Amino acid sequence: QVQLVESGGGLVQAGGSLRLSCAASGRTFSAMGWFRQAPGKEREFVATIRWNGVSIAYADSVKGRFTISRDNAKNTVYLQMNSLKPEDTAIYYCAAGAISGPSEFQYNYWGQGTQVTVSS
């Protein structure tokens with residue numbers, strides 16, 4: 001059974017940092033990514049990474065502040081979030097699939113989400 005389990009969310013002040021983790025079990029994936037959904041908004045793309053760790057993409061809103069990485073030996077993907085802003089407040093979801101990209105429809109499996117709250 002495939003499972004994606006996120007961890008690392010929490011409450012942080014603006015300018016602070018958090019590191020999210022997503023541990024996958026049941027199989028390995030060519031592509032893994034992070035999406036987020038703020039209250040009253042649609043889920044949006046944050047970052048994606050392919051298995052080789054070379055092909056990486058970010059949403060413009062997080063470029064230069066967030067870093068996605070993966071540890072294939074642990075079947076885990078990370079999202080290092082620095083210089084956090086109140087507008088980064090959202091539920092962050094881990095996603096996995098065969099094709100990386102910014103569309104949620106490119107991912108077949110999703111985690112349950114972890115809350116990130118950035119106070120001003």
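Trainee: Which residues does the disulfide join?

Mentor: Cys-22 and Cys-94, with 2.0 Å from S to S. A disulfide here is a pair of cysteine sulfur atoms within 2.5 Å. Bear in mind that this is a predicted model: local features need pLDDT of at least 70, side-chain atom pairs count only at pLDDT 80 or more, and totals for chains, interfaces and linings use all residues. Residues are numbered from 1 along each chain as its sequence is written, and side-chain values use heavy atoms, with hydrogens and water left out.

Trainee: How many disulfides turn up in the whole structure?

Mentor: One.

Trainee: What parts does the pair tie together?

Mentor: Cys-22 lies in strand 3 and Cys-94 in strand 9, so the link ties together parts 72 residues apart in sequence. Strands are DSSP runs of E, at least two residues, and helices are runs of H or I, at least four; both are numbered from the N terminus.

Trainee: Is the link left-handed or right-handed?

Mentor: Left-handed, with -80° about the S-S bond of Cys-22 and Cys-94.

Trainee: And is Cys-22 buried or exposed?

Mentor: Buried, at a relative accessible area of 0%. Cys-94 also counts as buried, at 0%. Buried means under 20% relative accessible area, exposed means over 50%, and partly exposed is in between, using a 1.4 Å probe and protein chains only.

Trainee: New topic. How many residues are in the largest nonpolar core?

Mentor: It has 31 residues. Such a core is a set of buried Ala, Val, Leu, Ile, Met, Phe, Trp, Tyr and Cys residues joined through side-chain atoms within 4.5 Å. Met-32, Trp-34, Leu-79, Met-81 and Tyr-92 have the most contacts inside this core.

Trainee: Which strand gives the largest share?

Mentor: Strand 9, with five residues. Among the elements giving two or more residues are strand 4 (31–37), strand 5 (44–50) and strand 11 (114–119).

Trainee: Tell me about Met-32. Where is it?

Mentor: Met-32 sits in strand 4. Met-32 counts as buried, at 0% relative accessibility.

Trainee: What does Met-32 touch?

Mentor: Leaving aside neighbours within four places in sequence, its contacts include Leu-4, Cys-22, Ile-68, Cys-94 and Tyr-107. Contact means heavy atoms within 4.5 Å. Ala-95 is another of its contacts. Met-32 and Ala-95 are 63 residues apart in sequence, but 5.6 Å apart in space, C-alpha to C-alpha.

Trainee: On to sheets. In what order do the four strands of the open sheet run?

Mentor: The order is 1-3-8-7, and the pairing is antiparallel. Strands pair if DSSP finds at least two bridges between them.

Trainee: Which strands stand at the edges?

Mentor: Strand 1 (3–7) and strand 7 do. Each has a single partner strand, so one side of each is left without a neighbour in the sheet.

Trainee: How many bridges join strand 7 to strand 8?

Mentor: Six. In strand 8, Tyr-78 is the bridge partner of Ser-69.

Trainee: Now the whole chain. How many helices and strands?

Mentor: Zero helices and eleven strands.

Trainee: What share of the residues is buried?

Mentor: Of the 120 residues in the chain, 42% are buried. Among contacts with a separation of 6 or more, 57% come from residues 24 or more positions apart.

Trainee: And what box do the C-alpha atoms fill?

Mentor: Roughly 40 × 25 × 25 Å, taken along the principal axes.
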